[in-house]
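The sequence and structure come first.

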Amino acid sequence: MEHHKPFIQKCIELSQSSLDNGDAPFGSIVVKDGEIIAESTNYAASRVSDHAEVVALHMAHEKLGTSNLEGAILYSNCEPCPMCSFMAREYKVTEVVYALPSPYMGGHSKWNIMEDDELEQFPPFFGKPPKVTRGVLEAEAKAVFDQTPLWMFGSNARR
């Protein structure tokens, strides 16, 4: 899990930048072969579908010239929502790593899109379930969310 920390730390920095720029505190990167291929803050205040993960995945697609991102890792400061989780599955990322769980909106903990093996019945649209690693630098990621009224993220979110 140690090798994930620098990439999650970058996502946390992006989430703070997103917040500083007037958007929700989300940041995401795509890494392949140990190299950051794409990174993004959140742009959902301007266009609701422009979540940090979606934008980063689109950027990685453009940079690599393929929608097959097998071997890539999607990092996020927060658990991807259902929309972002479907995008990760459609782009066929191999692993998803996040800091904060999202018990109300998560595409892994609330709606288990990440590990839904039935989606594999629809090739070429969906890839295999990615490996999911959660809770990397959760407290550090939560510190950014604590600057906002967004109480519904993290392990201690009210249920």
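Leaving aside its neighbours within four places in sequence, which residues is Gly-71 in contact with? They are Val-31, Lys-32 and Thr-94, where contact means heavy atoms within 4.5 Å.

## Basis

This is a predicted model, in which local features need pLDDT of at least 70, side-chain atom pairs count only at pLDDT 80 or more, and totals for chains, interfaces and linings use all residues. Residues are numbered from 1 along each chain as its sequence is written, and side-chain values use heavy atoms, with hydrogens and water left out.

## Gly-71

Gly-71 sits in the loop between helix 2 (52–64) and strand 3 (72–78); helices (H or I, at least four residues) and strands (E, at least two) are DSSP runs, numbered from the N terminus. Its C-alpha atom is separated by 6.4 Å from that of Val-93, 22 residues apart along the chain.

Gly-71 counts as partly exposed because its relative accessibility is 42% (buried is under 20%, exposed over 50%, partly exposed in between; 1.4 Å probe, protein chains only).

An open sheet of 5 strands has the order 2-1-3-4-5 with mixed pairing; two strands pair if DSSP finds at least two bridges between them. The edge strands, each pairing on one side only, are strand 2 (35–41) and strand 5 (131–134).

Strand 1 (residues 27–32) and strand 3 run antiparallel and are joined by 5 bridges. Val-31 has Ile-73 in strand 3 as its bridge partner.
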